[in-house]
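Hello,

Here is the structure I promised to pass on. Please have a look, and my notes follow below.

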Amino acid sequence: MDLFDGELGGRDEHETVAGGRWSWCGVIVVGVAILLAMLMSWFFGLLGRLF
């Protein structure tokens, strides 16, 4: 995987075959989105307990 390969399904090899693997950019974006969803859930749960 290339770190800065931003296209979905990016590939290391420069072939004409359609890529099916994830690029590092895609993995990082999905990881940050999951982390953000978890933090929002925790924050709104905390607010619900306070009020």
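Let me start with F44, which is exposed at a relative accessible area of 52%, whereas F43 is partly exposed at 40%. Here buried means under 20% relative accessible area, exposed over 50%, and partly exposed in between, with a 1.4 Å probe and protein chains only.

Please keep in mind that this is a predicted model: local features need pLDDT of at least 70, side-chain atom pairs count only at pLDDT 80 or more, and totals for chains, interfaces and linings use all residues. Residues are numbered from 1 along each chain as its sequence is written, and side-chain values use heavy atoms, without hydrogens and water.

The structure holds one aromatic pair. F43 and F44 form this edge-to-face pair, at 5.6 Å centre to centre and 65° between the planes. (Rings of Phe, Tyr and Trp, the last by its six-membered ring, pair if their centres lie within 6.5 Å; planes under 30 degrees apart are stacked, over 60 edge-to-face, and the rest tilted.)

As for the fold, the chain has one helix and zero strands; these are DSSP runs numbered from the N terminus, helices being H or I with at least four residues and strands E with at least two. W22 lies in the segment before that helix, α1 (24-50), and is partly exposed, with a relative accessible area of 47%.

Of the 51 residues in the chain, 10% are buried. The chain exposes about 4500 Å², with carbon and sulfur atoms supplying 73% of it; accessible areas come from the Shrake-Rupley method with a 1.4 Å probe, and for residues only the protein chains shown count as cover.

Best wishes
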